[in-house]
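Here is a short report on one structure. Look over the sequence and the model before reading on.

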Amino acid sequence: METLANIESFMRSAEGGSFSAAARRLGLTPAAVSRNVAMLERNLGQRLFLRSTRKLTLTEAGERFRQAVGGHLEGLQAAIAAQTTQQGEPAGVLKISMSLVFGTDYLLPLLPAFIARYPAVRPECHFENRASDLIAEGIDVAIGGGFALTPGLVARSLAPAHCIAVAAPAVLAGRSLPATPDDLAAFDGILLRSANTGRLRRWVLRNAAGEEQAAMLRESLVVNDPLAMRQAALQGLGVALITLPDALPWLASGALVRLLPDWYADLGPISVYYANRTLLPAKTRVFVDYLVEAFRERDYATHFNARLPQAR
């Protein structure tokens, strides 16, 4: 009987158009994926791909086999995961996508207790400042804000994602504090270039009365990473608009000061995202439940709310 690994290597290679794309999704090397596919072809006695230096193309036999496998692969994987759970603890590699700043500040500290509770689950953390394609990239869960909830995904809200204006005390020395978002134009600004669109991120701030104003910071420094943005603000290079969770430790120490305490940008909730499956793998289910529980115990929904007094 053909092994599931060989069939999965074939299907992911067909979807991605290359062994390299399949390898990234499966956590293997391209050589290992190529060997699996070659073994499948040898066992079937048919060539499934036409190989070139640029891409893979399905043969007629390969296309027939791909259609025959169809959606059965995920069902087999889910059945195996469910059977494994019935026999023991949740197990396997758990691929998690998150931003570098939020992940290192808030999610990595949660992993020791999770690993102690589920020692057979092996977290694999991917730190990226973009919205991952969970299904195409083989990611089990993603944590972040501002994701588009595409078909096939489920989201569970964890806490609000609010963006605030901050600066180092040296930037404000001898100057009047801004009273409205319009006043930010008088300060040097640290802007973020989006990894998804290539455009500079601009924010519209709102207050409790429902008023909205654009924050038009002067373009003095541009970075492409939120961590660099925060570090530039700490170095006194200007005013930055960063998420409240990223700012909290530095607001508490006094290294950063919040400007316009009545104003914030609402980015939508910080959520945990995962694929909508009939049989959710046990490793994913227990991690999602653990994450929701951990956020609730630490009351992050309150701490990350820019409207409340503790964030000022």
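Predicted model: local features only at pLDDT ≥ 70, side-chain atom pairs only at ≥ 80, totals over all residues.

Helix H1 spans residues 4-16, and helix H3 spans residues 30-44. Their axes lie 8 Å apart, at an angle of about 110°. Angles of 65 to 115 degrees count as roughly perpendicular, so H1 and H3 are roughly perpendicular to each other. From H1, the contact draws on Ala 5, Asn 6, Ile 7, Ser 9, Phe 10 and Ser 13. From H3 come Val 33, Asn 36, Val 37, Met 39, Leu 40 and Asn 43. The residues of this contact of H1 with H3 comprise 7 nonpolar, 5 polar and no charged.

The table gives the relative accessibility of each.

| Residue | Relative accessibility | Class |
|---|---|---|
| His 162 | 1% | buried |
| Phe 187 | 3% | buried |

His 162 belongs to strand S6, residues 153-167. Its side chain reaches the backbone nitrogen of Ala 306 at 3.0 Å. Beyond residues up to four places away in sequence, His 162 touches Ile 242, Thr 243, Leu 244, Pro 245, Tyr 264, Ala 265, Asp 266, Phe 304, Asn 305, Ala 306 and Arg 307.

Phe 187 sits in the loop between helix H9 (169-172) and strand S7 (188-192). Setting aside neighbours within four places in sequence, Phe 187 is in contact with Val 171, Leu 172, Arg 175, Ser 176, Pro 178, Arg 218 and Val 239. Ser 220 is 33 residues from Phe 187 along the chain. The C-alpha atoms of Phe 187 and Ser 220 are separated by 8.9 Å.

Methods: Residues numbered from 1 in each chain as written. Heavy atoms only, no water. Axes fitted to C-alpha atoms, helices over the stretch in contact; angles between N-to-C directions. Helix = DSSP H or I, 4+ residues; strand = E, 2+ residues; numbered from the N terminus. Parallel < 35°, antiparallel > 145°, perpendicular 65-115°, else oblique. Contact = heavy atoms within 4.5 Å. Nonpolar A, V, L, I, M, F, W, Y, C, P; charged D, E, K, R; others polar. Buried < 20%, exposed > 50% of the residue type's maximum accessible area, 1.4 Å probe, protein only. Polar contact = N/O pair within 3.5 Å; in protein donor to acceptor, adjacent residues only side chain to side chain.
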